[in-house]
Amino acid sequence: MRAKAIPAALAATALFAVAGCGGHDDSGGTSDDGATKAAQQAATADFGDLKDVCGPGDAKSPSAQGVTADSIEVGVFSDVGFTKKSEFVDTAKVFTSWCNAAGGIDGRKLTATTRDSKLMEVRQRMLEACKEDFALVGGGAALDALGVKDRLNCLLPDFPAQVSQIQNNGSDLQLNATGGASYNRYAGYYDWLLKTAYPQSAGALGIIGGDAPVTKVINAEAQEGLQAVGGKFVYKDLYPAAGVSDWTPYAQSIKSKGVKGLIFNGDFVQLAKLEQVLTSMNYKLDWIDANNNSYGPAFLQLAGKSADFQNNLADLSGVYPLEKAADNPATEQLVDLFKKYAPDAQLTLPAVRGFASWLLFAKSAKSCGDALTRTCVYEAARKETAWTGGGLLAPVDLSKSDAPLTCFNIEKASSKGWEPADFAPNDGAYRCNAPTYEFKGNYGKPLTLADVGKSMSDVK
């Protein structure tokens with residue numbers, strides 16, 4: 001995608017469509033003695049089924065840029081200055097506080113610098129990171145393609161919480177647990193929707209998204225993915241990036257075309273408005289893919305009675321559901337750590353992914369010992385063939401830069417909250433061994449070291 005200046009309102013739609021901002025309040029998984037448990041966990045430096053993630057050591061060498069005998073400097077990308085969503089900043093605070101309380105990584109304390117890209121300042125922040133940071137950890141930016149060439153040029157490893165644009169998804173020196181760019185990460189979800197749960201909807205699908213370049217790519221990929229499992233689209237539309245004051249014409253078109261299954265890519269505030277109009281018309285679809293941007297209490301509050309009238313679904317792509325934290329030790333532990341170190345912060349879906357990325361970085365960096373280099377930390381992380389973040393995620397193979405997700409889990413909304421849908425999980429909370437689908441369309445490709453005239457031999 002060619003980078004160009006876009007109005008803030010247009011960019012907002014792209015952001016909400018891509019940078020998964022879903023979340024959930026943490027009341028469901030916090031125990032009464034959460035603070036005490038968090039303190040104990042800090043002392044042991046274990047997380048989930050990962051042992052001794054952080055702790056004291058005898059590191060002595062300033063082994064790389066951003067690494068001294070006493071500290072490790074990392075950068076955390078975030079659009080917080082634009083979105084006002086501090087989830088990546090909060091996650092960095094929680095992880096570094098917990099890890100440093102246990103002694104750091106081999107005795108080196110972690111220092112996290114927020115690289116606030118403010119949506120359009122990705123390249124500026126990347127150039128700053130290139131001069132100071134050892135690696136990027138636990139962050140993300142909606143227009144992340146704007147900085148990937150500079151990141152590769154300065155040989156900076158990236159352990160992101162999320163990626164947005166094709167040029168960055170699976171780019172070199174990146175350890176990304178959200179699925180490769182060549183594959184449809186929702187293949188299992190779409191297969192379940194049209195072949196198992198709602199086969200009667202397959203011939204009457206609709207899709208609508210914000211009128212922004214990023215969202216148009218997401219729409220195109222969704223159409224290809226659904227058509228691959230037998231879907232037929234009877235309705236396709238875009239809505240103005242600034243939002244819609246009256247969703248009636250869109251709702252009337254959806255109803256007149258008899259749409260039974262709807263994909264919505266955009267701001268969940270706009271989805272809630274559309275659903276309110278559809279509900280007032282007494283038109284109920286078989287399902288609406290609200291996408292995981294909507295996973296959290298805010299969407300349900302905005303949707304009102306539509307939360308029960310419409311059938312809103314979302315695929316969490318292998319992240320353990322937050323409302324079931326009490327049933328999963330790793331998720332419950334994360335809830336407790338947030339309560340201790342960031343009690344006013346909301347634990348969101350991207351925050352969970354961010355914490356898992358911090359764990360991956362810490363485990364990999366620890367294995368390098370005193371000789372902590374970019375090559376060592378990257379190669380150590382790339383050896384993980386079934387990474388779960390201690391139990392926060394379904395297993396992901398990180399040994400390949402472009403691999404499909406093979407596990408998924410689906411949530412269903414109601415006025416009572418989000419809860420797992422009846423999708424027949426076969427591996428704990430997940431359905432694994434899901435069908436995979438490699439895209440046939442040309443949506444761009446991730447950048448490589450070769451694209452900037454570099455190779456792994458240049459990484460030190």
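Me: Which pattern do the disulfides of the protein chain follow, with bonded cysteines counted along the chain?

Reply: A disulfide is a covalent bond between the sulfur atoms of two cysteines. In practice the assignment is geometric, a disulfide being a pair of cysteine sulfur atoms within 2.5 Å. With bonded cysteines counted along the chain, the pattern here is 1-2, 3-4, 5-6, 7-8, and the structure holds four disulfides. This is a predicted model, in which local features need pLDDT of at least 70 and side-chain atom pairs count only at pLDDT 80 or more, while totals for chains, interfaces and linings use all residues. Residues are numbered from 1 along each chain as its sequence is written, and side-chain values use heavy atoms, with hydrogens and water left out.

Me: How many residues apart are Cys 54 and Cys 99, and where does each of them lie?

Reply: The sulfur atoms of Cys 54 and Cys 99 are 2.0 Å apart, and the two residues form a disulfide. This pair links distant parts of the chain, 45 residues apart, with Cys 54 in the loop between α2 (34–44) and β1 and Cys 99 in helix α4 (residues 87–101). Such element names come from DSSP runs numbered from the N terminus, where helices are H or I runs of at least four residues and strands are E runs of at least two. The torsion about the S-S bond of Cys 54 and Cys 99 is about -105 degrees, so this disulfide is left-handed.

Me: Are Cys 54 and Cys 99 buried or exposed?

Reply: The classes rest on relative accessible area, computed with a 1.4 Å probe on protein chains only: buried means under 20%, exposed over 50%, and partly exposed in between. Cys 54 counts as buried because its relative accessibility is 4%, and Cys 99 is buried as well, with a relative accessible area of 0%.

Me: What do Cys 130 and Cys 154 tie together?

Reply: Cys 130 and Cys 154 form a disulfide with their sulfur atoms 2.1 Å apart. Because Cys 130 lies in helix α5 and Cys 154 in the loop between α6 (145–153) and β4, the pair ties together parts that are 24 residues apart in sequence. The link of Cys 130 and Cys 154 is left-handed, with -65 degrees about the S-S bond, and Cys 130 counts as buried at 13% relative accessibility.

Me: Which residue does a disulfide join to Cys 368?

Reply: Cys 368 is joined to Cys 376, with an S to S distance of 2.1 Å, and the torsion about their S-S bond is about -110 degrees, so this disulfide is left-handed. Cys 368 counts as buried at 9% relative accessibility, whereas Cys 376 is partly exposed, with a relative accessible area of 23%.

Me: How much space lies in the largest cavity, and which residues are the closest to its centre?

Reply: On a 1 Å grid over the protein atoms alone, a cavity is a set of points where a 1.4 Å probe fits but cannot get out, and lining residues have an atom within 4 Å of a point. Grid points are joined across faces, edges and corners, and a volume is the space filled by probe spheres set on the points. The largest cavity holds about 150 Å³ of space. Of the 19 residues that line the largest cavity, Phe 77, Leu 136, Gly 140, Asp 158 and Asn 168 are the closest to its centre. The strand β1 gives the most to this lining, with three residues.

Key:
1 Å grid on protein atoms, 1.4 Å probe; cavity = no way out; pocket = protein on both sides within 12 Å on 5 of 7 lines; lining within 4 Å.
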